[in-house]
Amino acid sequence: MHIKQISFRDVNQVIAHQLGSVFQPAHTAEAGLHYSRNPLGDLMETLVPHPEFKMLGLRNIPQMPENSLAYSTFSWPGLLKHLRQMLIANAKMEEGIDWQVRPPCPGSSISSSHSTNKLLHFNTSIANLVILRGKDMHSVDLGSFRDPSLYTSWLNPQDAFNAWKTPRAFNKYEKSASLVSNSQFLLKPLDNVVGKAWNMFASKAYIHQYTKFGIEEEDFLDSFTTLEQVISSYTNL
């Protein structure tokens, strides 16, 4: 976005844009022509089919400086091609997407050195929700997001993918697309955080600051166990 010195205001503006792209009113499949009246509940129902998998990630495109919008045009096929590859390659932004990452071939089993490091770090999904905002959204082909190879084998792809739509533009973008995904996107950063926390706990760093307020070492161990179970569950997708 060409921001030279990033401030907290800039960070909050990006967060608000991302969240707004999801929670602004939209038509769900069940609501038909009516806007959803419970977007958070609909979101959980759509993306959390099992209580052990509750981590959701959000991506939204396009996102650019406001003064560039007048010189930019967007097409649904282009936006969705980038959004799908961002999902597959676990990219946070359009810039720097790894286009070498591909989903596994249908019917293939993960073997051969974990299938070349799981096909260059392919990001397996449990469920995905695409939200389209802008003109001509009813004619958009979303078949690429229904590809069974994107999803874990224990959930039907027809149940794993949903789309919300509205012709109303969002934040001055003629067309915009958001993806909310229950996938392995947080696996690596969460594993890193837990590893660093274990090291600090083992060296007793800052433990006394917690114990004097009644938090025991067993509470830390319970938290580690919970997080390691989450990591294990998502790793084995």
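This note covers a surface patch, a sheet and a helix lying across that sheet.

1. Basis. The model is predicted: local features need pLDDT of at least 70, side-chain atom pairs count only at pLDDT 80 or more, and totals for chains, interfaces and linings use all residues. Residues are numbered from 1 along each chain as its sequence is written, and side-chain values use heavy atoms, without hydrogens and water.

2. Nonpolar patch. I3, I6, V11, I15, L19, F23, L40 and M44 make up a nonpolar surface patch. Together they have about 690 Å² of accessible area (Shrake-Rupley method, 1.4 Å probe; for residues, only the protein chains shown count as cover). Patch residues have over 30% relative accessible area and no salt bridge, with nonpolar side chains joined within 5 Å; a salt bridge puts a Lys or Arg side-chain nitrogen within 4 Å of an Asp or Glu carboxyl oxygen.

3. Patch sources. α1 (8-23) and α2 (39-47) each supply at least two patch residues. The largest share, 4 residues, is from α1. Helices are DSSP runs of H or I, at least four residues; strands are E runs of at least two.

4. L19. This residue sits in α1. L19 is partly exposed, at 43% relative accessible area (partly exposed lies between buried, under 20%, and exposed, over 50%).

5. Sheet. Four strands form an open sheet, β1-β4-β2-β3, with mixed pairing. β1 (57-61) and β3 (161-166) are at the edges, each with a single partner strand, so one side of each lacks a neighbour in the sheet. Pairing requires at least two DSSP bridges.

6. β2 and β4. These strands run antiparallel, joined by 9 bridges. I131 has S178 in β4 as its bridge partner.

Terms used. Patches are made of residues with over 30% relative accessible area and no salt bridge: like charges are joined within 9 Å, nonpolar side chains (Val, Leu, Ile, Met, Phe, Trp, Tyr) within 5 Å. Buried means under 20% relative accessible area, exposed over 50%, partly exposed in between (1.4 Å probe, protein chains only).
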